[in-house]
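Q: I have a model open and would like to learn how to read it, one feature at a time. Could you walk me through it?

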Amino acid sequence: MAAGLLALGAGALLGSGALVGLAERQPLGTQRDVALGAAEAADRVARGLSLNRPAESLARALDGEEEVYDVDALIARARATAARRGEPRPAPVAGAPEGEGALSPAEPEAGAEPAAWPSEPERHAAPPRGDEHEGGVAGDDEPEGDAGEFGEVPWGGGPPPDGLITPIEGVDCVLEDATAPTTTAGGVEDPGPEAALPEGADETQALSDDPTACPAGYVVARPGAGATDGAAPEGETAEPVLFDAPRTPDADEPLRMYVGGDSISRDLGEGLARATPAALVRIELDPRPATGLSRPDFFDWSQHLAGVLTESLPDVIVVLFGANDFQNVEHEGEILDRYSEEWLDLYRRRVGRIMTLLGQPDTQTVWVGQPPVRESRLSGGLARMNEVYEAAAAEHPQVAYVDTWALFSDADGGYTDEIDGVRLRRGDGVHLTVAGGNRLAEAVWDAIGPAWGLDG
């Protein structure tokens, strides 16, 4: 026993840096404070005796110099791209500090791109990487009594019902900005004949995203949009916005898919490796156990994903966070309780920032919600965070949210180890079995394959 204790002590001193890292990742609280104090004491002794130098030298040699990526430049690029597509710009959170969902103070004009970002030909010519399985602009109001080249508006003047008009058959137009001035016909009482096509236009324009298909102040509605806020008309269900893939992957240029997040993302990624056609999909699996969005002091996912976007050039990014996030956090010198509204507001800002970052040109993002877990208190926290993910994804058209709760719950929506006699969860009540990983992967692939022409 004495020899064993001596060996443990020697190992702790030789790897004191790792001990400090293990303590730092623990949730804030007394247990973490005690563990961190003991680890830091061991680290001081190891440094004093130079016992930790071999381990630190080896770590530096393996890791190399850490690259720092310009997260704000990539976020600005994503916003500019969304503006060119005519998508609503995600609104910054009032009072959000820089780095927590606020707008970058130096966003470039639409069309400007970070110098480090490759051109589109370079992007699509990039070789496969990684381990295969590891709109319209509102114009001035028309003169009173003149409906302009689009003909008379199909209502009697003033804002249209629900902000929705159809000047061309098959094209729905919504207000570009609910606060922007609208083009009216100056109080026309008779709606008159059906609005005509603009000069030189034909019916194919109805299938385009050209903002000139709508009068000034309006843009072509996204699928499912009906009111000024982009919601479906009352009584109707909005259809999800499908990602418009820039190409169809083939064996020469397979789909480059990145799968990352907490440790459950490994179960998902391995399931996707089994569910997808190996010749057409190249998967980079990047699970980071014990990480999430709550503790960027321990692992900064915005910086890490900026590196993935810059270096790996993925076509599809699949992320899964949350299992480690429902914990108290330190923010601006205060400890925010995980049950508080302040904590939830901070978490919303961090999720929104990551989703905006991932909205890069020609890149599809799939954000996977967490399934229930056995421990009821944590499961309740995951349900709250899933609501945050779903609401944020609705404001980011290039992000598809996959709800997994019902896939892994019983008839009452609660946790279950197995469904139809198939065990889906491991003994810890959190991670997935092979069958569970397959079940989750199939749901995620359903959001990816059809968009890239690989659903057959």
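Q: Let's start with a side chain. Which backbone atom lies 2.8 Å from a polar atom of the side chain of Asp337?
A: Keep in mind that this is a predicted model. For a polar contact, look for N or O atoms within 3.5 Å of each other, one able to donate a hydrogen and the other to accept it. Here the side chain of Asp337 has a polar atom 2.8 Å from the backbone nitrogen of Tyr339.

Q: Where does Asp337 sit in the chain?
A: Look in the loop that links strand 8 (334–336) to helix 9. Setting aside residues up to four places away in sequence, Asp337 touches Asn328 and Trp343. Also check Gln327: ten residues separate it from Asp337 in sequence, and the C-alpha atoms are 7.5 Å apart in space.

Q: Is Asp337 buried, exposed or partly exposed?
A: Buried is under 20% relative accessible area and exposed is over 50%, with partly exposed in between. Asp337 counts as partly exposed because its relative accessibility is 37%. Now try Arg350, in helix 9 (residues 341–358). Arg350 counts as buried because its figure is 10%. The side chain of Arg350 also has a polar atom 3.3 Å from the backbone oxygen of Leu293.

Q: What share of the residues of the chain count as buried?
A: The figure is 44% of the 456 residues. You can look at surface as well: the chain exposes about 22800 Å², with 52% of that supplied by carbon and sulfur atoms.

Q: Moving on to strands, how many helices and strands does the chain have?
A: Eleven helices and twelve strands.

Q: Which residues of strand 4 are on each side?
A: The general idea is that side chains in a regular strand alternate between the two faces of the sheet. In strand 4, Leu255, Met257, Val259 and Gly261 are on one side, while Arg256, Tyr258 and Gly260 are on the other. Both faces are covered, with all of these residues buried.

Q: In which sense do strand 4 and strand 5 pair?
A: Strands of a sheet pair through backbone hydrogen bonds, and the pairing is either parallel or antiparallel. Strand 4 pairs with strand 5 (residues 281–287) in the parallel sense, over seven bridges. One of the partners to find is Leu285 in strand 5, which bridges to Val259. To get from strand 4 to strand 5, the chain passes through helix 7 (residues 264–275), making a right-handed β-α-β crossover.

Q: How many bridges join strand 4 to strand 6?
A: Five, and strand 6 (residues 316–320) runs parallel to strand 4. Tyr258 is opposite Ile317 of strand 6, and Gly260 is opposite Val319.

Q: What is the order of the five strands in the open sheet?
A: Read across, the order is 5-4-6-9-10, with parallel pairing. Strand 5 and strand 10 (399–402) are the edge strands, as each pairs on one side only. From one strand to the next, the twist averages 20°.

Q: Which helices lie across these strands?
A: One of them is helix 10 (residues 376–393), which lies across strand 9 (364–368) and strand 10 and runs at about 150° to strand 10. Helix 11 (residues 434–445) lies across strand 4, strand 5, strand 6, strand 9 and strand 10, at about 140° to strand 9.

Definitions and conventions
Residues are numbered from 1 along each chain as its sequence is written. This is a predicted model: local features need pLDDT of at least 70, side-chain atom pairs count only at pLDDT 80 or more; totals for chains, interfaces and linings use all residues. Side-chain values use heavy atoms; hydrogens and water are left out. Helices (H or I, at least four residues) and strands (E, at least two) are DSSP runs, numbered from the N terminus. Buried means under 20% relative accessible area, exposed over 50%, partly exposed in between (1.4 Å probe, protein chains only). Accessible areas come from the Shrake-Rupley method with a 1.4 Å probe; for residues, only the protein chains shown count as cover. Two strands pair if DSSP finds at least two bridges between them. A crossover is right-handed if, with the strands pointing away from the viewer, the path from the first strand over the helix to the second runs clockwise. Axes are lines fitted to C-alpha atoms, for helices over the stretch in contact, and angles run from 0 to 180 degrees between N-to-C directions. Contact means heavy atoms within 4.5 Å.
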